[in-house]
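The following questions and answers set computed values against the definitions behind them. Please look at the sequence and the structure before reading on.

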Amino acid sequence: PPRMSTPPAAAAAAAAVSMSREAHRARCRALARRLEDAAETPVQYMKLKAHAHAYQTHDDDDADACAAFVACLFATFATCEERFDLIAEVVATTPGVGKRERLAARVAAAMRDVVARCGAPARTMAEPHKNYKVERLNDGLVCLRKFLTVEAQEWLAKSAFEVGESDAASAEAGKGFFAKTAADEGALKLNQGTRGRVIKAVDDFPGETLKELCGEAVRVARDADASLPSGFNPTTVLVNFYKDGAEFKWHKDSEDPKLIASKTGQPIVSFSVGLSADFGYKYSFDDPEHKTVRLNSGDVLLFGGPSRMIVHSVLNVHPGSMPGNMRGKMLNGRLNVTVRDIGTGVIDTSQFPAYRVSYDGVQAEGNV
């Protein structure tokens, strides 16, 4: 018998359904990664996964399964209004119109109860992730592992890209670290090749969040290492954005010569968001050996006092290391936000994107 061909309209409809299903599956996979990353422990995530499966596969009266699922959701993610976006995405991706509507109604009621009970979010953006760890690498050199919460990482990425966009058609001609390309609004051109940089005052970032993040990071680091000086006053922000595979040369960060001599320079507070990077450091350009620390999204590195003038380098930015919670929240790459207290230093803005600071009219050591 002759082979029957599919009518064009039917074929188009089938293709659309297939694409829609694939898009939904991709959305669910992305959500699963976000849920796993946001859960405080693997056990919490597996418990949530089991409740979701029980609710979705329950045939008849699912009121109890729905209640158990919602209770698990809020126990895992919601401290007042935190992570309501994740919970809303769980509702949106639940299969079956009836189940989705029942879940949405119960979630909405639970949200109202949480807000009424708390009155306001229990945590501030500056509070560290509850599972952070402190690594004291040397006198004046401290790494705070997993210090930034998911919300703080998202805020930092959003704010850095907002203040970092070029005010001209090309990144090189403007004062930002990137410019969107005319051909593709999802792409960008950096002002230093595989790296983009912008130099800002800390007050250019919205609100007090960045100052509060710095203050909390310095406080925690000083509790672990008394050689870090007190009195940190954030004034200047360098935002660096690296493409995957990028490197940056060995260098020192500029400082007031008087503080270098006394080894009392205020710390550099360096926030990492996005792709992981290998940070190399040593104490002299002539040192034949160096040490390496891998910095992941959410880590904060501080170096001040006796380690303020370490020679350091970005040795590699690892492709494929973007954490699940940041996928879709920023362009692929490593965002490094370094905050400084430059004291009486004066920045020569005419040298942008080079960073040139002078003290008492003399250009400081370590400008890059």
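Q: How many salt bridges does the structure hold, and what makes a pair a salt bridge?
A: The structure holds 13 salt bridges. The term requires a side-chain nitrogen of Lys or Arg within 4 Å of a carboxyl oxygen of Asp or Glu. This is a predicted model, in which local features need pLDDT of at least 70 and side-chain atom pairs count only at pLDDT 80 or more, while totals for chains, interfaces and linings use all residues. Residues are numbered from 1 along each chain as its sequence is written, and side-chain values use heavy atoms, with hydrogens and water left out.

Q: Why is the pair Arg-145 and Asp-299 called a salt bridge?
A: The closest N and O atoms of Arg-145 and Asp-299 are 2.6 Å apart, which is within the limit, so the pair qualifies. The two residues are 154 residues apart: Arg-145 lies in strand S2, and Asp-299 in the loop between strand S10 (291-295) and strand S11 (300-303). Helices (H or I, at least four residues) and strands (E, at least two) are DSSP runs, numbered from the N terminus.

Q: What makes Arg-145 part of a network?
A: Arg-145 also forms a salt bridge with Glu-135, with the closest N and O atoms 3.1 Å apart. Glu-135, Arg-145 and Asp-299 are therefore linked in a network of salt bridges.

Q: Is Arg-145 buried or exposed, and how do you know?
A: Buried means under 20% relative accessible area, exposed over 50%, and partly exposed in between (1.4 Å probe, protein chains only). Arg-145 has 16% relative accessibility, so this residue counts as buried. Glu-135, at 32%, is partly exposed.

Q: Why is Lys-158 called exposed, and what is Glu-162 called?
A: The relative accessible area of Lys-158 is 53%, so Lys-158 is exposed. Glu-162, at 48%, is partly exposed. These two residues form a salt bridge and both lie in helix H6 (residues 150-164), four residues apart, about one turn of the helix.
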